[in-house]
Amino acid sequence: MSAEAPRPLAPGEVERAALTAARAFAWHEPWGAWALPDPATREARLRELIAADIRDRFLPLGRASTIGAVSVALWCPPPSDAAAATFGPRRDEEAYAAFGQRGEALREADELLASLIPPGDHWYLDTLATDPERMRQGLGGRLLDHDLAALDAMGATAALDTHTRENVAFYERRGFEVVGSARIPREGPDLYVMVRPPT
């Protein structure tokens, strides 16, 4: 287990953090295989998309935290924040086009997600990922606990979406509750939307 403390992600760590998230979502998260069905290009494409997102949005306008760039959390600001418009809608037309034939299915999935997210002000956990070589060491839980403590200190609500019952249980242990669920169209994975009030 890494003794390194959770901290803000540094600009020089963007590529490593993007690799961490790409590896996790490409091989250990059902959304990755559904959104990018070609395993030969999946990880590289995710890495490119995630790196751009971290550089352009999360570092300057959201929250990005890490443990050694091998576990990373990316948060979208609440709707009341001036930067929120940069984060929604979830993807622009260029982003949908980057997913090729899956672009329209992804648009449907994003519309479904938007319908399930409850109104109100909340920080939205876009990504929590740990490099597969470092999974099962408690890094993701430690990083999330750190970020939730910061949100609690601000009196802020947290929300997220996830795709497996195992993930739901992980978040429930930290005070999140499922507020909406559905199956993503076009043979997509399950979708669970969860919310956690400040404690």
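## Packing of H1 against H3

Helices H1 and H3 pack with their axes 8 Å apart and at an angle of about 130°; helices are DSSP runs (H or I) of at least four residues, strands (E) of at least two, numbered from the N terminus. Axes are lines fitted to C-alpha atoms, for helices over the stretch in contact, and angles run from 0 to 180 degrees between N-to-C directions. H1 and H3 are therefore oblique to each other, given that under 35 degrees counts as roughly parallel, over 145 as roughly antiparallel, 65 to 115 as roughly perpendicular and the rest as oblique.

On the H1 side, the contact (heavy atoms within 4.5 Å) includes Val-14, Leu-19 and Phe-25, and on the H3 side it includes Leu-46, Ile-50 and Ile-54.

## Basis of the values

The model is predicted: local features need pLDDT of at least 70 and side-chain atom pairs count only at pLDDT 80 or more, while totals for chains, interfaces and linings use all residues. Residues are numbered from 1 along each chain as its sequence is written, and side-chain values use heavy atoms, with hydrogens and water left out.

## Nonpolar cores

A nonpolar core is a set of buried Ala, Val, Leu, Ile, Met, Phe, Trp, Tyr and Cys residues joined through side-chain atoms within 4.5 Å. Buried means under 20% relative accessible area, exposed over 50%, and partly exposed in between (1.4 Å probe, protein chains only). The largest core has 38 residues, and Trp-31, Trp-34, Leu-46, Ile-50 and Ile-54 have the most contacts inside it. Elements supplying at least two residues each include H1 (14-27), H3 (42-61) and strand E3 (71-76). H1 gives the largest share, eight residues.

Apart from this core lies another, of 21 residues, including Trp-123 and Ala-156. Trp-34 touches, among others beyond four places in sequence, Leu-106, Ile-184 and Glu-187.

## Leu-74 in strand E3

Leu-74 is in strand E3 and is buried, with a relative accessible area of 2%. Beyond four places in sequence, the residues that Leu-74 touches include Ile-54, Phe-58, Tyr-124 and Leu-125. From Leu-74 to Ala-156 the separation is 82 residues in sequence and 16 Å in space, C-alpha to C-alpha.

## Positive phi in two loops

Most residues other than glycine have a negative phi. Ala-69, not a glycine, has a positive phi of about 65°. Ala-69 sits in the loop between strand E2 (63-67) and E3 and counts as buried at 3% relative accessibility.

Glu-187, also not a glycine, has a positive phi of about 65°. Glu-187 lies in the loop between strand E6 (177-183) and E7, and at 76% relative accessibility Glu-187 counts as exposed.
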